[in-house]
Amino acid sequence: MPKSQQTTRIDGKRVVIRTSTSGKVSVSDAPIKESEGQAAQVRALRALPEYGRKFLLAGDMNSAKRGPRAQADAVATGLTPGEADLSIYIAGGKLRMIENKVGKGRLSPAQTERHASLARLGHHVEVVRFTSTREMAVAFDHPFGAGRITKETVWFATPLARGRGAIRMLDAYEDWARTAGCVSARMASLANNDVSKIYERRG
């Protein structure tokens, strides 16, 4: 029999049901929708105390489903294929843009072209990848029995929140790790954004 795959909901949860050529059926969690991740992202940003005072945001509706006439009207009035998912307007006339992708999702040709055009004008689009709407860290048992540990998936502070804001975020990460029963927490430091001295000072 041919193998098949379908995405559905069981008890309100999105799952993927796969059937192999031998007839074996497996059920696993379905990847989240990009819109779900962006909605969580927007909620988190709007919950920041600086929202409304130091920055505002607006989401793009390029992915919305439209009929042919509505799509033509949207393009005629300025809707641009490839535009970033989220624009963040920062006090002082600054603009930051975010493109969201689930997992290893690729940029479309229109997005690649649009991002390059914006970069030529000095507007860089940050690509943010996620696989869940939960906090960007995971806790798990060390494979060699060294206890429960945690590692961050991504740690990013907007320019407005850097300084003490970044330290508060690290404090929250360590507090969460303790509540998850972790004996150690791992952090990464990029070569082009070396923050290792912060980690060293924290021990």
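The accessible surface of the protein comes to about 14100 Å², and 54% of that area belongs to carbon and sulfur atoms; areas follow the Shrake-Rupley method with a 1.4 Å probe, and for residues only the protein chains shown count as cover. The model is predicted: local features need pLDDT of at least 70, side-chain atom pairs count only at pLDDT 80 or more, and totals for chains, interfaces and linings use all residues. Residues are numbered from 1 along each chain as its sequence is written, and side-chain values use heavy atoms, with hydrogens and water left out.

**Overall composition**

- The protein has 5 helices and 10 strands; helices (H or I, at least four residues) and strands (E, at least two) are DSSP runs, numbered from the N terminus.
- Of its 203 residues, 26% count as buried, where buried means under 20% relative accessible area, exposed over 50%, and partly exposed in between (1.4 Å probe, protein chains only).
- Among contacts with a separation of 6 or more, 47% are between residues 24 or more positions apart; a contact means heavy atoms within 4.5 Å.

**The sheet β1-β2-β3**

- Three strands form an open sheet in the order β1-β2-β3, with antiparallel pairing; two strands pair if DSSP finds at least two bridges between them.
- Because β1 (4-10) and β3 (25-29) stand at the edges with a single partner strand each, one side of each has no neighbour in the sheet.
- From one strand to the next, the twist averages 30 degrees; axes are lines fitted to C-alpha atoms, for helices over the stretch in contact, and angles run from 0 to 180 degrees between N-to-C directions.
- Strands β1 and β2 run antiparallel and are joined by 7 bridges, and Ile10 stands opposite Lys13 in β2.
- The hairpin of β1 and β2 has 2 residues between the strands, and Asp11 takes a positive phi near 55 degrees there.
- Strand β2 (residues 13-19) pairs with β3 in the antiparallel sense over 5 bridges; Ile17 stands opposite Val27 in β3, and the bridge partner of Arg18 in β3 is Ser26.
- A hairpin with 5 residues between the strands is formed by β2 and β3, and Gly23 in its turn has a positive phi of about 95 degrees.
- Strand β2 is mostly covered, with 5 of its 7 residues buried.
- Gln6 belongs to strand β1 and is partly exposed, with a relative accessible area of 48%.
- Leaving aside neighbours within four places in sequence, Gln6 is in contact with Val15, Val16 and Ile17; its C-alpha atom is separated by 6.7 Å from that of Arg18, 12 residues apart along the chain.

- Four strands form a second open sheet in the order β4-β5-β6-β7, and the pairing is mixed.
- The edges are held by β4 and β7 (125-130), each with a single partner strand, so one side of each is left without a neighbour in the sheet.
- On average, neighbouring strands of this sheet are turned by 25 degrees against each other, direction ignored.
- Strands β4 and β5 run antiparallel and are joined by 5 bridges; the bridge partner of Phe55 in β5 is Ile90.
- Helix α1 lies across β4, β5, β6 (94-102) and β7, running at about 145 degrees to β6.
- Helix α3 (residues 109-120) lies across β6 and β7, at about 160 degrees to β6.

**The nonpolar core and the aromatic pair**

- The largest nonpolar core has 8 residues in all: Val42, Leu45, Phe55, Leu57, Leu86, Ile88, Ile90 and Ile98. Such a core is a set of buried Ala, Val, Leu, Ile, Met, Phe, Trp, Tyr and Cys residues joined through side-chain atoms within 4.5 Å.
- At least two residues of this core come from each of α1 (34-46), β4 (55-59) and β5 (86-90), and β5 gives the most, with 3 residues.
- Beyond its neighbours within four places in sequence, Ile98 is in contact with residues including Gln41, Leu86, Ile88 and Val125.
- The whole structure holds 1 aromatic pair, formed by Tyr51 and Phe55 in an edge-to-face arrangement, 5.4 Å centre to centre and 70 degrees between the planes.
- Rings of Phe, Tyr and Trp (its six-membered ring) pair if their centres lie within 6.5 Å; planes under 30 degrees apart count as stacked, over 60 as edge-to-face and the rest as tilted.
- Phe55 is buried, with a relative accessible area of 7%, whereas Tyr51 counts as partly exposed at 25% relative accessibility.
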